[in-house]
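My entries follow in the order in which I made them.

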Amino acid sequence: MSPESITKLTQVAENGLLDRRLFLRSSGVSIAALFATPAPAREPWMNVTGKPFSNYGQPSQHARQVRWISATAASPANGLSWTPLHQLEGTITPSGLHFERHHNGVPDIHPGQHRLLIHGAVKRALSFDLDSLLRYPLESRVCFIECGGNSNACWRQDPIQTPAGYFHGMLSNSEWTGVPLAVLLDEAGVQRNAKWAIAEGGDAFAMNISLPIEKLYDDALLALYQNGEPVRPENGYPMRLIVPGWEGVLNVKWLRRLHISDQPAMSRNETAKYTELQANGRARQFTFELQAKSVITSPSATMKLPHHGIYPITGLAWSGAGKVARVEVSADAGNSWAEASLQTPILSKSVTRFRIPLRWTGQPLTLQSRVTDDTGYRQPSRPELLAQRGRQGYFHYNAITSWHIDSEGFVTHVYA
Ligand SMILES: Nc1nc2c(c(=O)[nH]1)N[C@H]1C(S)=C(S)[C@@H](COP(=O)(O)O)O[C@H]1N2
Ligand SMILES: [Mo]
């Protein structure tokens, strides 16, 4: 379809943002198809017998997508790997591309030797192995995990120039299946004065962190499966805690112990880390729930729009408070906004894919997305977030991301 053949009527915001329903209409126009030529000859791969069966599938060698690793040679087991959000579609993160954040490597746990102990302020201490847990009725939750440190490059003075996933990709979304924590806590019989559960992982870091016990009763899961298969070693095999909508560090991997208590542990990860110094010099602590955020994943920095025409703008939106209610996209740095279409089903505390078409005719423009969740909370602009939180922040960055497209089609990350 030539850009000119789309009437002015379909433009819904400045700089070429088009009605999100454009693709749904049977308008008879084609976005990108090539003109048909005579029937093609058999392609070379049609003339030889294909590869036989395999026990476990791999992505096409022509479509390799990779996690990007941030770790130093001095401490290779303490770092992270990023989900390439800018290379993915839909909402589920393939398990092999789920981001990883380990403080001291991935333990090689033998399931027969692993136990989960629930003890402390309970009527009876209980110990569970994988086999006994598999006899409980299992439940699934599709939800995201996001590190509280995700997007923290945006606190820097200058915008980082990497694709969306390589600074927003401490975010992944999976179907987790396991035993609701409420069932196990009820069996142990939590005492009335108990307010906290201190969760400990079975890695060499023995990571521990405190969670309010109500969250465990509310919707927490002891996950045994991830996207249908046993939880991957990197993500907590054989069992991990899932606390939907709450920051990543609380989702303790390789979970081996829940110590029930009337007070928090005040461990490293809830004091020195994942707290933030505010403008008034005081630190904000125990900010469990992640606020709504969205990011356009394609296009994003380092990409180039190869020619003029219609482009699908797409990205992800999510909220730790509930469901995504709407996503708006701007192509003029936030002066005019158009509503994006949302992929269904829209699930609570899960990522939602949004899309909107853009007609690009070579005009320089600045793309932004902003989400509003079903509590009415709307994602702040960067100046708004800095005004609220000051400049000392490191965690919980959720402001709008801006991508500038220049007249050549080059995409850069800008602060707008
Ligand atoms: N035992 C243990 N649990 C852990 C961690 C860890 O290092 N050890 N890292 C935490 C952090 S900071 C995050 S953001 C999430 C990351 O989960 P993932 O690696 O499955 O993406 O796990 C959390 N659980
Ligand atoms: Mo994290």
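**Entry 1**

I began with the largest cavity, which holds about 230 Å³ of space. I note here that the model is a predicted one. Next I looked up its lining, which has 20 residues, and found that those closest to the centre are Arg101, Arg240, Gly248, Asn251 and Lys253. Which strand gives the most to the lining of the largest cavity? I found strand 5 (residues 100-102), which gives 3 residues. I then sorted the lining by class and got 8 nonpolar, 7 polar and 5 charged residues. For the whole model, I recorded 4 cavities of 30 Å³ or more.

**Entry 2: aromatic pairs**

I turned to the rings and counted 9 aromatic pairs. I took one of them, tryptophan 196 with phenylalanine 286: the ring centres are 5.2 Å apart and the planes stand at 45°, so I wrote this pair down as tilted. The label follows because planes under 30 degrees apart count as stacked and those over 60 as edge-to-face, with the rest tilted.

Where do the two residues lie? I placed tryptophan 196 in strand 10 (residues 196-201). Phenylalanine 286 I placed in the loop between strand 17 (283-284) and strand 18 (293-298). The pair therefore ties together parts that are 90 residues apart in sequence.

The cut-off for buried is under 20%. I noted as well that Trp196 and Phe286 belong to one aromatic cluster with Trp246 and Phe288.

**Entry 3: charges over rings**

The charged end of arginine 370 sits over the ring of tryptophan 337, at 4.0 Å from the ring centre. For lysine 304, I found the charged end over the ring of phenylalanine 410, with 5.3 Å to the centre.

**Entry 4: cysteines**

How many disulfides does the structure hold? I found 0. As a reminder to myself, a disulfide is a covalent bond between the sulfur atoms of two cysteines.

I then checked cysteine 143. The closest cysteine sulfur to its own is in cysteine 147, 15 Å away, which is too far for a bond. The cut-off I used for a disulfide is 2.5 Å between the sulfur atoms. I looked up accessibility too: cysteine 143 counts as buried at 1%, and cysteine 147 counts as buried at 6%.

Methods. Residues are numbered from 1 along each chain as its sequence is written. Chains are lettered from A and ligands numbered from 1 in the order in which they are written. This is a predicted model: local features need pLDDT of at least 70, side-chain atom pairs count only at pLDDT 80 or more; totals for chains, interfaces and linings use all residues. Side-chain values use heavy atoms; hydrogens and water are left out. Rings of Phe, Tyr and Trp (its six-membered ring) pair if their centres lie within 6.5 Å; planes under 30 degrees apart count as stacked, over 60 as edge-to-face and the rest as tilted. Helices (H or I, at least four residues) and strands (E, at least two) are DSSP runs, numbered from the N terminus. A charge sits over a ring if NZ of Lys or CZ of Arg is within 6 Å of the ring centre and within 35 degrees of the ring normal. On a 1 Å grid over the protein atoms alone, a cavity is a set of points where a 1.4 Å probe fits but cannot get out, and a pocket is an open set with protein on both sides within 12 Å along at least five of seven lines; lining residues have an atom within 4 Å of a point. Grid points are joined across faces, edges and corners, and a volume is the space filled by probe spheres set on the points. Ala, Val, Leu, Ile, Met, Phe, Trp, Tyr, Cys and Pro count as nonpolar, Asp, Glu, Lys and Arg as charged, and the others, Gly among them, as polar. Buried means under 20% relative accessible area, exposed over 50%, partly exposed in between (1.4 Å probe, protein chains only).
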